[in-house]
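Thanks for coming, everyone. I have one structure to walk through today.

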Amino acid sequence: MPDEITLRPVTAEDLDLFDREFGGPEGVGPHQWFGYRSTGVLRRRFAENGLLGTDGGVLSVAEDGRTVGRVEWFPGSWGRPETSSCWTLAIGLIPAARGRGTGTLAQRLLADYLFAHTRTDRLQAWTDHTNLAEQRALEKAGFTREGVLRSAQWRDGRWHDQVIYSLLRTDPR
């Protein structure tokens with residue numbers, strides 16, 4: 001287990017780290033590689049609002065003060081967004097930070113943060129049906145497996161099933 005995991009606003013140096021670590025398939029891993037993408041969109045959003053807005057955000061994951069990844073949240077809905085909205089969570093850790101509980105703690109911290117600072121009642125996350133490490137991390141963070149979304153994600157030339165998880169404000173943590 002890592003000693004101290006914290007979340008904090010993204011810095012310009014973090015963006016450079018994200019470019020280096022998440023710019024290719026070896027950094028993001030097989031479940032998150034969607035091809036090469038421009039980093040301009042993330043940098044423009046950073047310049048506009050520091051990646052923290054009413055429509056979602058990104059925070060850096062720090063382990064003992066050193067940036068090791070990021071968590072983000074963006075709107076989701078199961079009906080009309082005005083009445084049925086929730087936050088969808090995502091995480092990316094550098095390869096050296098994986099497999100030691102960092103993702104579990106970071107996702108738990110993000111859930112606590114969103115329940116404390118937004119009115120959302122539901123958080124959700126999904127992962128590839130073969131990504132057993134992320135499924136375990138979500139479950140350890142208190143999320144409940146809800147089911148399989150068949151052929152929900154296009155990646156690496158084919159459709160992939162996803163497993164969806166949720167955490168409600170009233171769920172025990």
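Leaving aside its neighbours within four places in sequence, which residues is Thr104 in contact with? Contact here means heavy atoms within 4.5 Å. The answer is Ala137, Lys140 and Ala141. Thr104 itself sits in helix H4, residues 102–117. Thr104 counts as buried, at 9% relative accessibility. For that word, buried is under 20% relative accessible area, exposed is over 50%, and partly exposed is in between, with a 1.4 Å probe and protein chains only.

A word on the source. This is a predicted model, where local features need pLDDT of at least 70, side-chain atom pairs count only at pLDDT 80 or more, and totals for chains, interfaces and linings use all residues. Residues are numbered from 1 along each chain as its sequence is written, and side-chain values use heavy atoms, with hydrogens and water left out.

Now the overall fold. The protein chain has 5 helices and 8 strands. These are DSSP runs numbered from the N terminus: helices are H or I with at least four residues, strands are E with at least two. Reading from the N terminus, the order is β-α-α-α-β-β-β-β-α-β-α-β-β. The radius of gyration is 16 Å, close to the 16 Å from the globule rule for 173 residues, so the chain is as compact as a globular protein of that length. That radius is taken over C-alpha atoms, and the rule is 2.2 Å times the number of residues to the power 0.38. Along the principal axes, the C-alpha atoms fill a box of roughly 40 × 35 × 35 Å.

Of the 173 residues, 41% count as buried. Take contacts between residues at least 6 apart in sequence: 59% of them join residues at least 24 apart.

Next, Arg70. Is Arg70 buried or exposed? Buried, with a relative accessible area of 19%. Arg70 is found in strand S4, residues 66–77. Beyond neighbours within four places in sequence, its contacts include Phe18, Phe22, Leu42 and Val58. Also among them are Ala90, Ile91 and Gly92.

On to the aromatics. Rings of Phe, Tyr and Trp (its six-membered ring) pair if their centres lie within 6.5 Å; planes under 30 degrees apart are stacked, over 60 edge-to-face, and the rest tilted. By this rule there are 4 aromatic pairs. One of them is Trp33 with Tyr36, edge-to-face, at 4.9 Å centre to centre and 80° between the planes. Tyr36 counts as exposed, at 66% relative accessibility. Trp154 and Trp159 have ring centres 5.4 Å apart and planes at 65°, so that pair is edge-to-face. Trp154 is partly exposed at 47%, and Trp159 is partly exposed at 47%.

Ala133 lies in helix H5, residues 132–140, and is partly exposed at 46%.

Last, the backbone. Which residue has a positive phi of about 70° although it is not a glycine? That is Leu51. Leu51 sits in the loop between helix H3 (40–49) and strand S2 (52–53). Leu51 is buried, at 1% relative accessibility. Ser151, another residue other than glycine, has a positive phi near 45°. Ser151 lies in strand S7, residues 144–155, and counts as partly exposed at 43%.

That's the tour. Over to you.
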